[in-house]
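Reader: Hello! I am new to protein structures and would like to ask how the terms are decided.

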Amino acid sequence: MLAKVHSSALIGIDGCPIEVQVDARRGMGSFVIVGLPDAAVKESAKRVESAIKNSGFSFPYSLNLIVNLAPADIRKEGPSFDLPIALGILAATEQIPRDHLEDFVVVGELSLDGSVRAVAGALPVTTAARDNGKPAALVPAGNAAEAAVVEGVKVFGAESLVDAAAVVADPKQASPARKVEPGLAQPAYDVDFEDVKGQSHVKRAVEVAAAGGHNVIMVGPPGAGKTMLARRLPTVLPPLSLEEALEVTKIYSVSGLIPRGTSLLTTRPFRSPHHSASAVALTGGTAIPKPGEVSLAHHGVLFLDEFPELSRDALEGLRQPIEDGVVTISRAAITITYPARFMLVAAMNPCPCGYFSDELRACTCSYASMVRYRKRVSGPLLDRIDIHVEVPRLKRDELMSPPSGEHSAAVRDRVARARALQQSRFARVAIYCNGQMQSRQIREHCRLGDQASALLAGAMDTLGLSARAYDRILRVARTIADLEGSQQIEVPHVAEAIQYRSLDRKMWG
């Protein structure tokens, strides 16, 4: 007898409908899974067999079982097909009714004792179920809170195969997971901008970066506070919108990084990979494509400390996601695109020993070693970073005095007002902040007066800036004007924006 159960596979961060077809007929007794399964899916035969027996059902040893995962041209990966295969076998052997199977999309990994383990990607699976007109989804209990965020789909959580069988047999007797209204209020942070002593000009640069979604590179000796400032950047960013929170949650769901019982991630991501991270770890990939750090930082902050110490491939691999907001991973069988719209915050020393131009310690680096160190960050990559700022060592009096800076909440209010202006400005295009402006928007929204144009022209000649750096200056100047509530970009706005390109000439010219 033939039974069909609807399931879903993950392609990138989206769910793809899969039909699990189970045919049970008389024969010598065999169990075959076809439809381009990977090793984990093939191994599900033994897990399903043990789970069915240990749950009190009968496994049909006398029948030939053929499981087809359709369509057959999509590679099926992971253990999430265990539960739909088991339910298909029970339906095909008439141990459970099949009347309501058509209504469900089912995913879940089975343990040998019949319990259902959480899987990655429950949120994209439920979203795909809604988009394909399915009224219900059956997921592991550990994924129920996450999946229940999707409106228009009843989500049922199962602790075991017995629970799952009871749900599909009579859904009216089962209780769906409680819908949790996502709370998107500003989350609480353990750190605050007030903790940072001194460095007023650096804090100003970070505020400008947050207001416009600009990338930042900080250069200074060890202990100057670069990491401390970077970790406090998320505290001054505006809260995630519901749309942004859903996108972030989908990425973390696919990666299996959502804590059990969490329905929606409402804090902007902050990712800080070690400088030994490979290009694949940063951008994503491997034989089974997974989101990398640039995607896990989507709508958040990617902090790269010891920036020149990253491998050349890793550094150059950042260029596409910084420019396009996506990262494309190509394999022989499939091409996947992951979102990667993040703020890059890079930190580096001015030289290999870290003390070039330091007032208290002498630099021990040779000229050749400094040139090699600085050239690890290529000009094209540096052009894609809007704001360059030097972070000097704190003076003794600043270090010993109590913190006296603004609270993150005060800075965040200014940032939110500037972001609101930008969202109104870009309401008709898929742009959320000034840092995402392309040439057309720059021409339209970054017009300069005669004096401001003359100042920028002189800076271009003096610093030898590239065309991309010119665009970056205009974007930053637009953000500075937004922070002041000014419709027109004035000379002081351009002057401050030019100041944030000084490293082009000083360190790489």
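Reader: What makes you say that the charged end of Arg361 sits over the ring of Tyr355?

Author: A charge sits over a ring if NZ of Lys or CZ of Arg is within 6 Å of the ring centre and within 35 degrees of the ring normal. The charged end of Arg361 is 4.2 Å from the centre of the Tyr355 ring, and it is listed as sitting over that ring. Please keep in mind that this is a predicted model, where local features need pLDDT of at least 70, side-chain atom pairs count only at pLDDT 80 or more, and totals for chains, interfaces and linings use all residues. Residues are numbered from 1 along each chain as its sequence is written, and side-chain values use heavy atoms, with hydrogens and water left out.

Reader: Why is the aromatic pair of Phe31 and Phe59 called tilted?

Author: Rings of Phe, Tyr and Trp (its six-membered ring) pair if their centres lie within 6.5 Å; planes under 30 degrees apart count as stacked, over 60 as edge-to-face and the rest as tilted. Phe31 and Phe59 are 5.9 Å apart centre to centre with 40° between the planes, so this pair is tilted.

Reader: And why is the pair of Phe270 and Phe303 called stacked?

Author: Their planes are 25° apart and their centres 6.2 Å apart, so the pair counts as stacked.

Reader: How do you know whether Phe303 is buried or exposed?

Author: Buried means under 20% relative accessible area, exposed over 50%, partly exposed in between (1.4 Å probe, protein chains only). Phe303 has 1%, so Phe303 is buried. Phe270, at 22%, counts as partly exposed.
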